[in-house]
Amino acid sequence: MVVPSPTSIMIRTKKINAVRIPTIDLSMERSKLSEFIAKACEEYGFFKVVNHSVPKEVISKLEDEGTEFFSKTSLEKRQASTTTPFGYGCKNIGPNGDMGDLEYLLLHTNPLSISERSKTISKDPIKFSCAVNDYTEAVKEVACEILELAAEGLWVPDKSSLSKFIRDVHSDSLLRINHYPPVKKGNDNWDPCQLQNSNKNTIGFGEHSDPQILTILRSNNVGGLQISTHHGLWIPVPPEPNELYVMVGDALQVLTNGRFVSVRHRVLTNEMKPRMSMMYFAAPPLNWWITPLSKMVTAHNPCLYKSFTWAQYKQAAYSLRLGDSRLDLFKVQ
Ligand code: GA4
């Protein structure tokens with residue numbers, strides 16, 4: 001194993017529009033890894049992970065389930081849309097009028113909930129729920145490892161102070177599979193909902209940050225994801241089917257008292273090819289309090305956020321529009 005030098009985070013990155021997306025090699029030496037992860041979370045709130053532990057077969061099994069589901073008729077897919085916001089959704093994002101050129105499956109990762117929901121999604125619910133459970137278990141491990149390394153990178157004494165939020169059995173973590181069919185500019189021939197598609201919008205999923213602690217994203221080989229830098233520049237993210245991308249969410253921004261910043265991102269549709277992405281949103285249990293870690297609050301860095309429970313934050317998120325800066329509601333004046 002080659003141990004990279006401290007500057008290698010810059011060397012091992014890809015240059016896009018003069019901005020480099022950090023790449024974190026999980027096989028690197030631990031002390032460097034924690035330093036690089038903390039740096040990437042501060043500078044971009046976003047990075048690519050290579051040499052991760054999620055087996056290829058686990059990824060492809062879930063991808064196959066997604067492909068099979070989205071190839072069904074609109075009527076069949078709608079049978080999976082029972083309780084908002086979970087199940088199948090098409091074009092509508094959240095309850096306040098946000099729309100995108102996509103369809104999706106949104107699932108709670110609790111195994112009991114997956115097993116119930118699978119009955120409305122697949123003719124072979126056991127196969128479907130196994131694919132979901134195996135995938136979520138594997139990406140959850142990656143998420144925990146990253147959070148433990150991030151805590152070390154911040155010199156927080158207890159390395160589980162971030163990962164414990166998502167390891168808890170009552171964690172409110174979600175899995176989302178998004179399917180973006182190709183949208184030809186000036187052509188409104190795609191409408192899986194069989195609704196009128198008069199809006200020639202190429203926004204698959206509008207600009208937002210994720211409310212949770214961490215998001216682990218995997219996509220097929222079709223691009224479309226863009227991230228916003230702290231300066232508001234949109235950077236296209238190359239599709240890397242064998243790798244994972246990690247995004248800092250709002251809750252991690254609060255836990256680190258603003259040291260890590262949640263990344264604003266969006267997805268544009270492709271004119272020719274369908275994009276499919278799978279996101280694991282790592283979240284705490286609903287009744288857990290989110291408050292800056294004591295190590296992150298000093299005389300020089302006073303506490304920036306009021307304490308709130310994850311349930312309160314979710315309620316705020318669902319009362320606002322997708323692109324709103326919901327963290328502003330919890331800032332200390
Ligand atoms: C963004 C991240 C996740 O996809 C999600 C989304 C949720 C939804 O689609 O139901 C939200 C959105 C997301 C943020 C603000 C609220 C809630 C739509 C919306 C307008 C499942 C989540 O947890 O928050």
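The legends below describe close-up views of a predicted model.

**View 1. The whole chain, in outline.**
The predicted chain has 333 residues, and 40% of them count as buried. Its secondary structure comes to nine helices and 16 strands. Among contacts with a separation of 6 or more, 72% join residues 24 or more positions apart.

**View 2**

**View 3. Helix 3 against helix 6.**
Two packed helices are described by the angle between their axes and the distance between the axes. Helix 3 spans residues 56-70 and helix 6 spans residues 125-153. Their axes come within 9 Å and cross at roughly 135°. Helix 3 is therefore oblique to helix 6. The crossing of helix 3 and helix 6 is left-handed. Helix 3 brings Val 58, Ile 59, Lys 61, Leu 62 and Glu 65 to the contact. Helix 6 answers with Phe 128, Ala 131, Val 132, Asp 134, Tyr 135 and Ala 138. This contact of helix 3 with helix 6 has eight nonpolar and three charged residues, and no polar ones.

**View 4. Helix 5 against helix 6.**
The axes of helix 5 and helix 6 come within 8 Å. They cross at roughly 135°, so helix 5 and helix 6 are oblique to each other. The crossing of helix 5 and helix 6 is right-handed. On helix 5, the contact is made by Pro 111, Ile 114, Ser 115, Ser 118, Lys 119 and Ile 121. On helix 6, the partners are Pro 125, Phe 128, Ser 129, Val 132 and Asn 133. By class, the contact of helix 5 with helix 6 has six nonpolar, four polar and one charged residues. Phe 128 and Val 132 of helix 6 take part here; Phe 128 and Val 132 also belong to the contact with helix 3.

**View 5. Helix 2 against helix 6.**
Helix 2 (residues 30-43) packs on helix 6 at an angle of about 90°. The axes of helix 2 and helix 6 are 7 Å apart. Helix 2 and helix 6 are therefore roughly perpendicular to each other. Leu 33, Ser 34, Glu 35, Ile 37, Ala 38 and Cys 41 form the helix 2 side of the contact. Ile 146, Leu 149, Ala 150, Glu 152 and Gly 153 form the helix 6 side. The contact of helix 2 with helix 6 divides into seven nonpolar, two polar and two charged residues.

**View 6. Ser 122, between two helices.**
Ser 122 sits in the loop between helix 5 (111-121) and helix 6. Ser 122 has 19 other C-beta atoms within 10 Å and is partly exposed. Leaving aside neighbours within four places in sequence, Ser 122 is in contact with Glu 65, Phe 69, Lys 127 and Phe 128. Asp 98 lies 24 residues from Ser 122 along the chain, and their C-alpha atoms are separated by 28 Å.

Most residues other than glycine have a negative phi. Asn 51 is not a glycine, yet its phi is positive, about 60°. Asn 51 is found in the loop between strand 4 (46-50) and helix 3. It counts as exposed, with 11 C-beta neighbours inside 10 Å. Trp 155 also has a positive phi, near 60°. Trp 155 is in the loop between helix 6 and helix 7 (164-167). With 9 C-beta neighbours inside 10 Å, Trp 155 counts as exposed.

**View 7. Leu 233 and Val 19.**
Leu 233 is in the loop between strand 10 (225-228) and strand 11 (234-236). Leu 233 counts as exposed, with 12 C-beta neighbours inside 10 Å. Its contacts, leaving aside neighbours within four places in sequence, are Val 19 and Ser 228. Leu 233 and Val 19 are 214 residues apart along the chain, with their C-alpha atoms separated by 9.2 Å.

Note on methods. Residues are numbered from 1 along each chain as its sequence is written. This is a predicted model: local features need pLDDT of at least 70, side-chain atom pairs count only at pLDDT 80 or more; totals for chains, interfaces and linings use all residues. Helices (H or I, at least four residues) and strands (E, at least two) are DSSP runs, numbered from the N terminus. A residue is buried if 20 or more other C-beta atoms lie within 10 Å of its own, exposed if 12 or fewer, and partly exposed in between; C-beta atoms are placed from the backbone. Two residues are in contact if their C-beta atoms, placed from the backbone, lie within 7 Å. Axes are lines fitted to C-alpha atoms, for helices over the stretch in contact, and angles run from 0 to 180 degrees between N-to-C directions. Angles under 35 degrees count as roughly parallel, over 145 as roughly antiparallel, 65 to 115 as roughly perpendicular and the rest as oblique. A crossing is left-handed if the near helix is turned anticlockwise from the far one by less than a right angle, and right-handed if clockwise. Ala, Val, Leu, Ile, Met, Phe, Trp, Tyr, Cys and Pro count as nonpolar, Asp, Glu, Lys and Arg as charged, and the others, Gly among them, as polar.
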